[in-house]
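Please find below a short note for a reader who is new to structural work. The points should be read with the structure in view.

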Amino acid sequence: MSRRDAVAALLRDRRDLLVVCGLGSPAYDAHAAGDHDCNFYLWGAMGGAAMIGLGLAQAQPDRRVLVLTGDGEQLMGLGGLVTIAVAKPKNLTVVVIDNGHYGETGMQRSATGLGLDLAAIGSAAGFSDAREVGDLAGVTALAQTMHSPANGPRLYVLKVRAENEPRSLPPRDAVYLKNRFRAALGIGLA
Amino acid sequence: MPSESRNKPPVVAFNAPTWPAELHRILKAADVRQMSYVPDAGHAALIEFFHADPDVTCNVLTTEEEGVAIAAGAWLGGQRSVLLMQSSGVGNCINMLSLPVMLRAPLLMLVTMRGEWAEFNPWQVPMSAATEASLKAIGVRVMRADTPDDLCEITASAAALAFDGEQQVAVLMSQRLIGRKKW
C-alpha cells in the first residue's frame, strides 16, 4: 500500500492522540497528513523515537501516545522494544512504516527488507498486540483500536511500497516543536 | 508501573553509606518522577530506593542512550527524570545527547566512575578517561563529586541547573567515593 495513504488513514480521526514521528519519511508522511501541535517531528536522535514515546506515555498516562517511525529507525532502537515491553505502558502504540529500505540515503535495503520479521520480535518481547498490517482496510481498523483501552503496549508493522513521495517537510526547530507541544498539553513555559 | 515490581524499601546495613538515601530525598524534593538506568553496583542502593518509591516510574534499559530519549519524552509530557549509569555507558549516549541539546530540554545524569581509582578491570579505563571530554564535546555540563557531602550538595545544585536552568548536566561520582569494587 501507499505510505501516504496509510498514514493519512491512521491519523484521520486522531482525536487527542500525541504523535512522536521518527526522522525521515515517517515525519514527512505525518506532516503531509496535516501538521498538528501534538506532532513532535524528529530530524535526528535515530533509534530514539519509541523511547521518547515511552517517556511521554509515562508522563501523560491519561493520553494515548503514538510513535510513528520507519523500519531503519526502529531497527537502530531495537532494544527499546524490549524496554517498552517490560515497562508495559497501556497508552503507547508503536507503528512502524516498513518499506524495507533506508529512504534518506539512497534506498539501501534494511534488515526488514532482507527478511526480518519485526512484528514477531515485538510479539516475543511481550507487546500485548504485535502484527503486520498490509492493506488500508487493516490500517483503518487499527486507527480505531488505538483509541480503545489496551492491556499493554502495541506494535504494528505497516508494509508499504518503497517509493519516495513528494517531500512534505515539517519544521526543524526543536525548541519551537517542544514549546508548541507542551503548550497543547497545558504545560506552561518554565 | 506493575505492582509486582514495587519492592520493599531497602534494608540498609549498619555502617552502609547514607548518601543513597539522601540523594533519593534530594531528587524527590526536585520533583523527579521518573528514573531510568542500566544498573551499576555503585547505584545499587539508590536504584532500590527508587523502586520502592510509589511516586516514581522506573525503567530498566537495554542500553543507556534509551534513557536520554525517555527523559526527553518525559519533558515533552511535563515530567522530570533522572538517568543513572556507569561511565562506560556514557559512550553509548553521545549521539542521543543531541536530542536534549537541540530541544533545550533538561537532562540530569548521575554517572558512577570506573577506571580511575584502584581499578581492577583495564577494559574500564578508556571510556572512563574519555567520559568528561565526550560529554563536554556534545554540550553537556559536567560536575564532579569526590566525597559524599559534595555529592549531595552537587546533586541538589545540578537538579536546579537542569530543571530550572534547562541545562543538560552530568554529575560524575568519583570511583574513590563509591569504593573499590569487591570481586
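1. The first point concerns a pair of helices in chain A. Helices α1(A) and α7(A) cross in a right-handed sense. The model is a predicted one. In α1(A), the residues A:D5, A:A6, A:A9 and A:L10 meet A:L136, A:V139, A:T140 and A:A143 of α7(A). Sorted by class, this contact has six nonpolar residues, one polar and one charged.

2. The geometry of this pair deserves a comment. Helix α1 of chain A covers residues 3-11 and helix α7 of chain A covers residues 136-145; the two pack at an angle of about 25°, and their axes are 8 Å apart. Because angles under 35 degrees count as roughly parallel, α1(A) is roughly parallel to α7(A).

3. Helix α3 (residues 49-59) and helix α5 (residues 78-87), both of chain A, pack with their axes 9 Å apart and at an angle of about 20°. That angle makes α3(A) roughly parallel to α5(A). The crossing of α3(A) and α5(A) is left-handed.

4. Which residues of α3(A) and α5(A) make the contact? On the side of α3(A) they are A:A50, A:M51 and A:L54, and on the side of α5(A) they are A:G80, A:L81, A:T83, A:I84 and A:A87. The residues of this contact comprise six nonpolar, two polar and no charged.

5. Chain A contributes 28 residues and chain B contributes 29 residues. On the side of chain A that touches chain B, the elements giving two or more residues are α3, α5 and α8 (174-184) of chain A. Of these, α3(A) gives the most, with eight residues. By class, the side of chain A that touches chain B has 16 nonpolar, nine polar and three charged residues.

6. Finally, chain A may be considered as a whole. Its secondary structure comes to eight helices and eight strands. The C-alpha trace of chain A spans about 45 × 35 × 30 Å along its principal axes. For 190 residues, a compact globule would have a radius of gyration near 16 Å, and the 15 Å of chain A agrees with this.

7. Two further values describe the interior of chain A and its contacts. Buried residues account for 52% of the 190 residues in chain A. Of the contacts in chain A between residues at least 6 apart in sequence, 75% join residues at least 24 apart.

How values were computed
Residues are numbered from 1 along each chain as its sequence is written. Chains are lettered from A and ligands numbered from 1 in the order in which they are written. This is a predicted model: local features need pLDDT of at least 70, side-chain atom pairs count only at pLDDT 80 or more; totals for chains, interfaces and linings use all residues. Axes are lines fitted to C-alpha atoms, for helices over the stretch in contact, and angles run from 0 to 180 degrees between N-to-C directions. Helices (H or I, at least four residues) and strands (E, at least two) are DSSP runs, numbered from the N terminus. Angles under 35 degrees count as roughly parallel, over 145 as roughly antiparallel, 65 to 115 as roughly perpendicular and the rest as oblique. A crossing is left-handed if the near helix is turned anticlockwise from the far one by less than a right angle, and right-handed if clockwise. Two residues are in contact if their C-beta atoms, placed from the backbone, lie within 7 Å. Ala, Val, Leu, Ile, Met, Phe, Trp, Tyr, Cys and Pro count as nonpolar, Asp, Glu, Lys and Arg as charged, and the others, Gly among them, as polar. The radius of gyration is taken over C-alpha atoms; the globule rule is 2.2 Å times the number of residues to the power 0.38. A residue is buried if 20 or more other C-beta atoms lie within 10 Å of its own, exposed if 12 or fewer, and partly exposed in between; C-beta atoms are placed from the backbone.
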